[in-house]
Amino acid sequence: MAASSHPIEERQGSSPLTNILLRQEVILFLILILAVTLLALSSDKFLTVSNILNQGRLLTEIGLVALPMTFIIITGGIDLSVGSILGVCAIVLGYMWNPSGPFQLPLEAAIIVSLALGTLCGLVNGLIIVYIGVPPLITTLATLALYRGLAEGISQARSVRGYPEWFFQLGQGEVLGVPTQLWVLVFFVIVTAIILSRTVFGRSLYAIGNNELGARFSGIPTGLYKIIIYAFSGFMSGMAAWIFVSRVTTTRSDMGSGLELDAIAAVVLGGTSIFGGTGSIVGTVIGFVLIQLLKNGLSLAGVTTDGTIVVIGTVLILAILINNFIQRRTNAA
Amino acid sequence: MTATAKPVPTPARRDDTGNFVSRLISIVSSQEIILLFVLIALLASVGSANPRYVAERNFINIFNGNAYIAVAAIGMTMVIISRNIDISVGSLIGVLGTISGTLAINGSPIWVSWLVPILVGALVGAAIGFMVAYLRIPSIVVTLGLLSILKGGLITVTSGEWITDLPEGFFLAQMKTPAFSILGLSIPAIPSPIIIMFVLTLIAVLWMRYSQTGRAIYAVGGNAEAARLSGISEKRILMTVFILNGVFVGIAAVLWATQLSIIQSTVPPGLELQIITAAVVGGVSILGGVGTAFGAMIAAILLSAINSALVFIDISPYWFRAVVGILILVTVLADMLRRRRTAAASGD
Amino acid sequence: MNSIPILEIEHISKRFPGVQALSDVQFQVHAGEVHALLGENGAGKSTLIKIISGVHRPDEGTIRIDNRPVSFNNPREAQALGVATIYQELSLYPELTVAENIFMGHAPRGPLGIVDWREMGRRSREILESLEITDLDVNRKVGGLSVGQRQRVEIAKALSLNARILIMDEPTAALTEADVQRLFSIVRLLRERGVGVIYISHRLEEVFLLADRVTVLRDGQYVGTADVKDVTSDQLVSMMVGRTIENMFPKLPAVIGDPVLEVRNLSRRPLCKSVNLTVRSGEIVGLAGLVGSGRSELAQTIFGFTPAQEGEILLNGQAVRIRNPGQAMRYGIAYVPEDRGTQGLIREMRLRENVSLAVLRTMTRSGFIDTAQERRLAAEAIEQLGIRAYSIDQVVNKLSGGNQQKVVVSKWLASKPKVLIMDEPTRGVDVGAKAEIHHLISELAQQGLAILMISSELPEVLGMSDRIIVMREGRVVAEFDREEANQKNVVTAMMRETAEPATASTGQGVSV
């Protein structure tokens, strides 16, 4: 199964131009443009600056989580627990700060505790995967239940509201006319893209995804690197929680349910092989932008939120089908 | 420990009765035994703290409550053994349950409203199988997409309206055997889901153990390349696995839809996770290749028992999922340690 | 010998995208003969056997079995006509028992179509006994068996299908000496029974020991078929390479200096026990021993892959602690692992990325990979080692075995090591590339590297080494100078006690 999935970038006999055109990112980008054009034609509210910026606000949480998810999937792993980490971080942020709760920390301290907790949750995933050797799918399936359970247990289904005004700047405010959280996302996109494509760490992730044993024999500390990316994934889920709470002004224990599926969908749609070894941040960015614009455009065109989910599922399967088809054609040629 | 953990090293034993016993033991391999032990320990300890926990009524509820999960977990067990995953089962159960209810209130014969979901389940399974086996899309991606399609599609079509006024004979899950007594033992009324769960599990265990195709699932999961070279059609096996999974999901959906007097026509949240949990905790090897539906059934009952126990020992049910998470981790860790010891003992 | 061929192949051609794998190849096998198939890697042997076993369909040509033309759409159809194949990567299911594996896909059925386990067990034992295999419990899971045992299960599986043509692809590649002997006697048994065996091997001596006839392929072309008793090994080699190899082991004189690597009482259980050895600069130390004697384990302990539990490692006289491969590299130790596919290379990545992988950390500018330097390094490697690739951006998967091996070597030379440990440096490499790699090893020693070379090929060890160390059951058991070493005394040291029955020291259940 694994062998068929690696797009081999080097193809003898085909011109560099067709190579570029057949990259998943490019195909996706063309789909993206097509989708934008169609949606713009169907609703005049779609292609407006304010709408686009507002969509940026809405996609930030998925985007932040999808970036480390790209790292993880490239190494051949997966992290299903991101949505639950977001949930427990959001709950703990409120719980630590809650003026009528047991801790009553300053909000700044509560945010730091929440981010630290997110990192810790990811670190636990990484340690179990690396040191005990439990496959990532199972480990994070277990911690998905565990972390969501902690969120539910700590909150006892009570939400925390009434945050001070400054706290909402991140989730609802603007800087230079652009939603604040979009700056955060852009910052992390650039950082992760550079790490993945230009550093030893990034190169090592591809090596791990293609042949972990070979990577170890080459002196790459594979265990350490894997722990780092899972911890990073936890940290980013914590960031997403912070932004989420700031955006919706409350904490609930079901926050982020299903986020893992959106993030994985974005990554896979962006051309990262679910078996590891290939993929890019650019692809992931196009992936989550495409998903968000589809959601938005369809809802403007009068399709219900649930109807858009159907479209996204279909797009995901179709994109992979088309990509597989093209890969096979070019490999056979 | 049982025979699987310590392979008999000598060739001396040749009597077939001995082999039969060891085979019998290996059917109920150690993971299942451990689970059964945990289940009994839980029932005993919580029961001694609060006798109402093991009173007949609650006892039957524990077995009954998760029967549909156990049935769905049979299919999931096969899927995982073949080294695949299906995360769309929860959504599919929601959709098939709604189909069942809709048929029933629109005047279809009861048996039609029970049968159609199973057939549709098989069809959806065939579609997944086709995409996985023939189009070579990883099952996690296929079922991820399908999950969205089913979930969104269901609410779009039904607008989340509840189905009520279901006809009298529709409630399969509420039917019971008559209570009777034999030789002074009084046998209580047993709800049909428990019987269906036991019978299906038994059939599945026997089929996976004794049929050519059943064994081939293990082969495909254990060494797909080898299976291909030795002439087993991986594609056909994968199709079979996903179609069967669809059938079990269909039956589970009927049990789910017929247990309450209303059908919510939405997707039960986190249901796929409970089913996968039952299969994994039940001893489907996380590394592919091992596992029986029997373990999945016990695991499903265990989850139900834990949920119920929280109520009886007065812990907030909001902690249920945390307990489940810890349970999966602990079983998986135990499995890893057991494997490591086995590997060390066999010297490889 | 029987004169009617059971399998006849004529004018077979097969093209894959970009390569003509076979053109106009002919081949026959008679009942009751062992027919060796020889050729360098890439000569078309595997394509040919895949065509015979129904995995590939030929573009042209005919296959006849019992004088009837046949064509296979899949391996199953070939099996039905009595063609069974034992691949290099054994194709068994670890979670299933021996009997289940033997009868996978054609289990005896009772009434109701239910698998008849009793019958399956009985017939499995029957087949094993007919091969004079009595030490294999049919109810054991295959996962716990040794490689040799698994191979016997494979042979039994082939016989359960009533195979009349048995294809064996490098069956001895991973076997211990004792297992090789058993394999040979099984193959001879099969020959007596009238099975036609197609035997593929890199080891010429096996061909002379076992085969009746030999067919040589080169670059997808048929070169010739000969009776084994009529040819010499030199003739076969020149048929294979199309030229004669003048100097197989070009050991160049080198100045041997001070000890670079010293190992004292190094232990890592179970297969590395209190080992002492010294490698000096300019010296090639050959490490001989049977498979499973602990040679690779020792190397991986020195390299920090499985860190030592006891004892010490000295580099240039300084005691160092090595806990992971990264540290070993920083101390100037390089390890070219045994299996280049899974250990040495990232095959899906480019040549350039593989060559730089071990030294990437030193090739950065303010944290970023210096790609210009990386490209230079790769270009130098291609030049220095004569790697035949059309670009430094070629994916290494597409290179031949010999060139892949050179990529692994260049990756480690890039780390500028002081100690180079090479584990089976020429395994699965064709004759031409082999000579080039030997030449390279000699040159490196001449430049002052300390080289520890592990090899299962005795001629290689004897031809290349200044000193030979023999390991057995995790211990160093003998040491020879170049002058005193010969085939006989090295083999004797390798085998001495393994012939005796009880070897309690390694504990029970260890199957070597």
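Among contacts in chain C of this predicted model between residues at least 6 apart in sequence, 69% join residues at least 24 apart. Chain C contains 17 helices and 22 strands, and its residues are divided into three stretches of domain assignment: domain 1 (5-241), domain 2 (245-332 + 417-512) and domain 3 (346-414).

**Overall form of chain C**

- The C-alpha atoms of chain C fill a box of roughly 70 × 55 × 50 Å, taken along the principal axes.
- The radius of gyration of chain C is 24 Å, which agrees with the value near 24 Å that a compact globule of 512 residues would have.
- Of the 512 residues in chain C, 49% are buried.

**Domains 2 and 3 of chain C**

- The centres of domain 2 of chain C and domain 3 of chain C, taken over C-alpha atoms, are separated by 26 Å.
- Where these two domains of chain C meet, ten residues of domain 2 are in contact with eight residues of domain 3.
- On the side of domain 2 of chain C that touches domain 3 of chain C, helix H15 (residues 431-446) of chain C gives the most, with four residues.
- By class, that side of domain 2 of chain C has seven nonpolar residues, one polar residue and two charged residues.

**Contact between chains A and B**

- Chain A and chain B each bring 40 residues to their contact.
- On the side of chain A that touches chain B, at least two residues are supplied by each of helix H6 (136-155), helix H12 (259-269) and helix H14 (305-332) of chain A.
- H14(A) gives the most to this side of chain A, with 13 residues.
- The residues on the side of chain A that touches chain B comprise 24 nonpolar, 13 polar and three charged.

**The largest nonpolar core**

- The largest nonpolar core has 350 residues, of which Val71(B), Ala72(B), Ile421(C) and Ile451(C) touch the most other members.
- Helix H11 (residues 234-257) of chain B provides the largest share of this core, 16 residues.
- Leaving aside residues up to four places away in sequence, Ile421(C) touches Ala299(C), Ile302(C), Phe303(C), Ile333(C), Ala334(C), Tyr335(C), Val336(C) and Leu452(C).

Key:
Residues numbered from 1 in each chain as written. Chains lettered and ligands numbered in written order. Predicted model: local features only at pLDDT ≥ 70, side-chain atom pairs only at ≥ 80, totals over all residues. Domains from an automatic or database assignment. Contact = placed C-beta atoms within 7 Å. Nonpolar A, V, L, I, M, F, W, Y, C, P; charged D, E, K, R; others polar. Rg over C-alpha atoms; globule rule 2.2 N^0.38 Å. Buried ≥ 20, exposed ≤ 12 C-beta atoms within 10 Å, placed from the backbone. Core = buried A, V, L, I, M, F, W, Y, C linked by C-beta atoms within 7 Å.
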